[in-house]
Structure formats: structure tokens, C-alpha cells
Amino acid sequence: MRGLTGSGGDTGGAVAGGGGRRAGLAAGGTAMAGLAAFGLFCAGCSTGGTGTRDEGPAGSQPVTRATSSHAVPSGTAKPAPRVDAVALVKGDPEVSRQVRDALKPCTGDEYPVDTSYGTLTDGPAADVVVNVMTCGDSVGLGTYVYRQRADGSYGHVFGAEVPAVYGTIDRGDLVVTTQVYGSEDTVAYPSGEDVITYRWAAGRFTETDRVHNEFNRAAGTGEDDATAPGRTPD
């Protein structure tokens, strides 16, 4: 089993840890078989908005509105350069051999890979977060972060390989969530999840926050629910 991997500087930096549950993960024997094939074992370990309110003077005085002279004109942001995420993972020696060998198209040339671009390391270009999943059930197998080097290539700076892992970019932080399983849990019904937040500092990712969520095991186990976990249909 591989845990979190990485190195400092342009060549990368990472810390051990990992955590998360990707919304919409489906259940099924395919997912369990896929996890067993990789030799991965279960590991336990807001957004908000602000706005302004414009108010005019009382009475008959006209309402005036001020426009900031520092407002950023729309349409000036440069699009993030796109990368070949599959090639990055397959060519990355920090990724386990099992994941690299098993990363194949699900249908046609469609690979089970999600890719996100955003600012994580204050590098010369957008950083790249790649999530590798199983084909049938989209169960996360690995989350990796790549940072652009001075020569334009991308280097591995973070990696997490645990069952049902998924990484996202949240306002400049890396958030990794991982399912937590008990001894009798199925892939579809974990006991909880760990949500770990990392921030880039001094050439590496450092854990800044950890949240553990325990799921309600009673939900969906009513008498009328013959398909609930642990219940045998009549």
C-alpha cells in the first residue's frame, strides 16, 4: 500500500495523510474487486460569499452608486494551460506501479480521470490536481498534484493512494477526502470520512485542518427498505 508521497520545491513536496468521499460514488462489486486488485486497504485516519449593499440617502435625494476604479475588467483572466493528465500519471515514478498499469480507457479513449486546474503553490502557472478512479463505480484510487517547473514541465508535489480518495482545490487550499471503513462496511456504506486540508508553505504541503465525519448507520434501515445495508430481503 502506498500512502502520501511527494518532495519539496519544484520537484515537489507532500506530507503523509489523506482523506475523502467524492459525491456520487456508486456501490458495487466492481469497486470492491478493483480496490482489492490494487492492494489498497481502508485507512482511517465553505464556501461562503460576501456582497455589498448600496443604499441612497433618505428623502428625495438622488441615489448614487460608486464604481471602484480598481475593479478587474472582465475577460482578462488567462485560461490555464491544459495538460495530458493520463501521461502525467503514467510517467510519474511517484505513482504506484499498480495504478499506472491499471490506468486504461473505460470506453474508447475515455480514461477514468478527473482533472482540476487552480492556484495551490503560487507557481508560474496553474497547478494540476489529478484524480484516478475505477471505471464502473468511480471509486477514487489516487489523488496527485503537479506543479509547473521553470522549464515548463510538471513535477509531482503531492500524492495520496488510499481507497475512495478524492482531491479538490478550495480557495487556494488542497482538500483531500477519504472514506473510512469499519470491519463490516461495504464500499457503498462507509462508517465515515476524513477531510484533510493542506496548504503550500516553504516548498511543501502542510496539513492545516482535519475533520472526521461519522455517518448515521440507522438511515435507510426501516422495515420497508429491503435493500438497506445489513438487511436480508424476505
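## Close-up views of a predicted chain

View 1. The chain exposes about 13200 Å², and carbon and sulfur atoms supply 49% of it; accessible areas come from the Shrake-Rupley method with a 1.4 Å probe, and for residues only the protein chains shown count as cover. This is a predicted model, where local features need pLDDT of at least 70 and side-chain atom pairs count only at pLDDT 80 or more, while totals for chains, interfaces and linings use all residues. Residues are numbered from 1 along each chain as its sequence is written, and side-chain values use heavy atoms, with hydrogens and water left out. Of the 234 residues in the chain, 37% are buried (buried is under 20% relative accessible area, exposed is over 50%, and partly exposed is in between, with a 1.4 Å probe and protein chains only).

**View 2. Here is how the chain is laid out.** You can pick out three helices and nine strands (DSSP runs numbered from the N terminus: H or I with at least four residues for helices, E with at least two for strands). Follow the sequence along and the pattern reads β-α-α-α-β-β-β-β-β-β-β-β.

**View 3. Cys106 and Cys135 are joined by a disulfide.** A search of the whole structure turns up one such link, defined as a pair of cysteine sulfur atoms within 2.5 Å. In this one, the S to S distance is 1.9 Å. The link between Cys106 and Cys135 is left-handed, with -90° about the S-S bond. It brings together distant parts of the chain, 29 residues apart: Cys106 sits in the loop between α3 (97-102) and β2 (113-118), and Cys135 in the loop between β3 (127-133) and β4 (140-148).

**View 4. Gln148 meets Tyr154 through their side chains.** Look for Gln148 in strand β4. Gln148 is buried, with a relative accessible area of 16%. Its side chain makes a polar contact of 3.5 Å with the side chain of Tyr154 (a pair of N or O atoms within 3.5 Å; within protein, one must be able to donate a hydrogen and the other to accept it, and residues adjacent in sequence count only if both atoms are side-chain atoms).

View 5. Side chains of opposite charge can pair when their charged atoms come close. The structure holds four salt bridges, each a side-chain nitrogen of Lys or Arg within 4 Å of a carboxyl oxygen of Asp or Glu. Asp173 is buried at 12% relative accessible area, whereas Arg199 is partly exposed at 44%.

**View 6. Arg171 pairs with Asp170 in a salt bridge.** Their closest N and O atoms are 3.0 Å apart. Arg171 counts as exposed, at 60% relative accessibility, while Asp170 is partly exposed at 24%.

**View 7. Glu207 and Arg210 make another salt bridge.** The N to O distance between their side chains is 3.0 Å. Glu207 is partly exposed, with a relative accessible area of 31%, and Arg210 is partly exposed at 37%.
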